[in-house]
Amino acid sequence: MHISIHFFARVLHVFGQVQALEHLLDTPNDEIGLTLMDEHLPKRVRSKSGGSSGAL
């Protein structure tokens, strides 16, 4: 089942709960979303060979 965010927002508005949408979109406090994003980060950064120090 796929529900558009527009319809979800409408339902929240009808029930006087639009502020709940703010909490759903509060990405700094979205622990599950942050965990999923962390899984896609590189595990480590390797330096390029060539003897450069890596300084810009």
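I looked up Phe-7 first: Phe-7 is partly exposed, with a relative accessible area of 48%. The class lies between buried (under 20% relative accessible area) and exposed (over 50%), with a 1.4 Å probe and protein chains only.

I noted the ground rules. This is a predicted model, where local features need pLDDT of at least 70, side-chain atom pairs count only at pLDDT 80 or more, and totals for chains, interfaces and linings use all residues. Residues are numbered from 1 along each chain as its sequence is written, and side-chain values use heavy atoms, with hydrogens and water left out.

I then placed Phe-7: it sits in helix α1. Helices are DSSP runs (H or I, at least four residues), strands likewise (E, at least two), numbered from the N terminus. I found three helices and zero strands in the protein.

I checked the surface next. Ile-3, Ile-5, Phe-7, Phe-8, Leu-24 and Leu-25 make a nonpolar patch of about 630 Å². Patch residues have over 30% relative accessible area and no salt bridge; nonpolar side chains (Val, Leu, Ile, Met, Phe, Trp, Tyr) are joined within 5 Å, like charges within 9 Å. A salt bridge is a side-chain nitrogen of Lys or Arg within 4 Å of a carboxyl oxygen of Asp or Glu. Helix α1 (residues 5-14) gives the largest share of the patch, three residues.

I looked at burial too: buried residues make up 5% of the 56 residues.

Last, I read the confidence. The mean pLDDT (the predictor's confidence in each residue, from 0 to 100) is 78 for the protein. Confidence is highest in α1, at 87, and lowest in helix α2 (residues 19-24), at a mean of 78.

Note on methods:
Areas by Shrake-Rupley, 256 points an atom, 1.4 Å probe, with all protein chains shown as cover.
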